[in-house]
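Opening the notebook on this one. I want to go through the helices, the chain contacts and the sheet, in that order.

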Amino acid sequence: MKARVHVMLKNGVLDPQGEAVRHALGALGFEGVDGVRQGKVIELELADGTSEAQVNKMCEKLLANTVIESYTVELN
Amino acid sequence: MRAAVITFPGSNCDRDLAVGLELAGAEVTRVWHKDVTLPEGIDLVGIPGGFSYGDYLRCGAIAANSPICAAVKTHAEKGGYVFGVCNGFQVLTETRLLPGALMRNAGLKYICKTVGLEVAACESNFLNNYEVGQTIQVPIAHHEGNYTATPDELDRLVGEGRVAFRYTDNPNGSDRDIAGITSANGRVLGMMPHPERAMEDAHGSADGARLFAGLIGAMASA
């Protein structure tokens, strides 16, 4: 089985990299891009039967820094 | 005073930190990241600057979960001294020995230059040889030094006198100009600037040497 973890900066935490991407899109002539937030996607290959709770624990302990980041887990 | 300086794969200021401590009179043992215990009788653990584990995932995140860091946490919880510089500060926030996080610099650029730091009103033996309010000159060299914490956490740090150093001209977007903070007991200090690179006049500033001398002097008289 696989899990896909999305890690994003929490709302309210300024994302300087996203801001730089937004500026670059504007410079390329793409109008109406009001905001860009940049995060990361982590794909995990897991032993069958791994629970969502275990993946959440991985996120809390390592994959996300919950001081500044939030995460979501997709299992499939 | 006995100190241990940790080397992670990718550390590059470990020797500088060891030499800085030795110049101030400490007996320094070098410790490898795979070690599971610190040498007996260690007073201070130094966590150096660099790019531990290639800064993979987040700066300091892998190091914070390395074998030696479990021993560092135990050392700190028992009231031991810990000093993290630059990547070492990032490691200390990732271990949660210090609150907050260090994000990409607001200007997105790696910054390498000497900056002014104001010594804040902070009760810590690390600041023993400085006067509150004085400005010292210490180099920074980082890409992720933008200190961030929740407004409540920032109020707490300021209110409890745990801000050790403030930038006089904020180079990286850090909240409240914070360049370094301590734990509640004042014995864990994390800072982005590199005092070990300001040890003698030939370095452009000798202001960093006083941090090491101050700590070691305070511990010798304790």
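Predicted model: local features only at pLDDT ≥ 70, side-chain atom pairs only at ≥ 80, totals over all residues.

Next I checked the helix itself. α1 of chain A covers residues 16-27, so to speak a run of 12 residues. From first C-alpha to last I get 17 Å, close to the 16 Å expected at 1.5 Å a residue.

Then the contacts between chains. I find eight residues of chain A in contact with 11 residues of chain B. On the chain A side, α1(A) gives the most, with three residues. Sorting that side by class, I get six nonpolar residues, two polar and no charged ones.

On to the sheet in chain B. It is open, has nine strands and mixed pairing, and I read the order as β2-β1-β3-β4-β11-β10-β9-β6-β7.

I zoomed in on one pair: β9 (residues 163-167) and β10 (residues 178-182) of chain B run antiparallel and are joined by three bridges. Val163(B) has Ile181(B) in β10(B) as its bridge partner.

Last, what packs on the sheet. Helix α1 of chain B (residues 14-23) touches β1, β2, β3 and β4 of chain B, and its direction makes about 170° with that of β1(B). Helix α4 of chain B (residues 87-94) touches β3, β4 and β11 of chain B, at about 120° to the direction of β4(B).

Terms used: Residues numbered from 1 in each chain as written. Chains lettered and ligands numbered in written order. Helix = DSSP H or I, 4+ residues; strand = E, 2+ residues; numbered from the N terminus. Expected span 1.5 Å × (residues − 1). Contact = placed C-beta atoms within 7 Å. Nonpolar A, V, L, I, M, F, W, Y, C, P; charged D, E, K, R; others polar. Pairing = 2+ DSSP bridges. Axes fitted to C-alpha atoms, helices over the stretch in contact; angles between N-to-C directions.
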